[in-house]
Amino acid sequence: MKKRIVSAAIMLMIITSAAFAGEIEIANAKVITSFQKEFVKASDVQWEKTNGLYRATFRMNDFVMYAVYNEDGSLAGAYRNLVSSQLPIGLQTELKNQYSDYWITDLYEFSNNDGAGYNVSIESAGQIIIMKSTNATEWQVVKKIKK
Amino acid sequence: MKKLLLILTLSASSFAFASATTIDPVSQRTLKSFKTDFSTANDVKWVTIEGQDLYQVTFKYNNEEIIAVYNPEGELLSTARYIVKEALPIMVTTELNKQYGNYILRTVIERTTNGETSYFVTLESEKSSVVVNAKPSGNISVYKKLAKPVFEKQ
């Protein structure tokens, strides 16, 4: 019994240190420093590395968010999913008044080198519309797809 | 305090605020536009803005209090509402954390005017308060500095 408890403790240590080492390896010090400064209240942070970019998935202010960093620690982009009531008022009313026959299938906020804004995909029985807003005031149609 | 800040916020737009009265009836065009823009609004109160030929309307929409300004042609010129800090755009939050990490965020007003949305954030430290104007991109400028904290200690 005693042997089992000791083995379990060692196993736990190995797992914990491996996870810690993995995080250090995945996100370099510059990236982690920038991240901690920019997303002070982030929790449940998980890192991935893809195509030379570091992606953090985390929770902040009750949102699941994503931040993408370059090797030098500069923020390449950040994203979070939203519900329509979290949109700026102009975007909310436009969706409600002009697209009342549609339902929202995807809505997220983005911020990257191209600027900051919102993307929405809405769908009706016969059509899908993808729209973008960079002024947080009105939507611009990006694409219309017939079903 | 809240009312004062809303008025201050709206007064930063292209028109200046004079005193408001409830004397003149609101034009039909304006009423029609308002009903189209905010179809589910309730607790609607209109006032005219003296010397400006503009209408200011205060109402509730999705359980939030909003102030909007219309002209007699029915054009929506400006809106303002309080929002929770969690609703600030990502880059505004990150910039505030970087630039005002030692301050406590007290209130956020979202203002839309001239086709642009910006955020007026009141921040407070031990000795002073500051109202900053933040663009959705995270560009922040000081709107007003106040010597003393605007809110009482809790």
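In this predicted model, strand E5 (residues 103-112) of chain A runs antiparallel to strand E6 (residues 115-123) of chain A, and 9 bridges join the two. Within this pairing Phe110(A) is placed opposite Gly117(A) of E6(A), and the two strands make a hairpin that leaves 2 residues between them. E6(A) pairs in turn with strand E7 (residues 127-133) of chain A, again in the antiparallel sense and over 6 bridges; here Tyr118(A) faces Ser133(A) in E7(A), and the hairpin that connects E6(A) to E7(A) passes through 3 residues.

Strand E7 (residues 116-124) of chain B is joined by 6 bridges to strand E8 (residues 129-134) of chain B, with Tyr119(B) opposite Ala134(B) in E8(B), and a hairpin of 4 residues links E7(B) to E8(B). The hairpin of E8(B) and E9(B) has 5 residues between its strands, and in it Gly138(B) adopts a positive phi near 100°.

The pairings are collected below.

| Strand pair | Bridges | Residues between the strands |
|---|---|---|
| E5(A) and E6(A) | 9 bridges | 2 residues |
| E6(A) and E7(A) | 6 bridges | 3 residues |
| E7(B) and E8(B) | 6 bridges | 4 residues |

Where the chains meet, 22 residues of chain A are in contact with 25 residues of chain B. On the side of chain A that touches chain B, the elements that give two or more residues are helix H2 (29-38), strand E4 (75-81), helix H3 (89-98), E5 and E6 of chain A, and the largest share, 4 residues, comes from H3(A). By residue class, this side of chain A divides into 7 nonpolar, 10 polar and 5 charged residues.

In chain B, helix H3 (residues 90-99) is mostly covered, with 7 of its 10 residues buried; among them are Ile90(B), Met91(B), Val92(B) and Glu95(B).

Note on methods:
Residues numbered from 1 in each chain as written. Chains lettered and ligands numbered in written order. Predicted model: local features only at pLDDT ≥ 70, side-chain atom pairs only at ≥ 80, totals over all residues. Pairing = 2+ DSSP bridges. Contact = placed C-beta atoms within 7 Å. Nonpolar A, V, L, I, M, F, W, Y, C, P; charged D, E, K, R; others polar. Buried ≥ 20, exposed ≤ 12 C-beta atoms within 10 Å, placed from the backbone.
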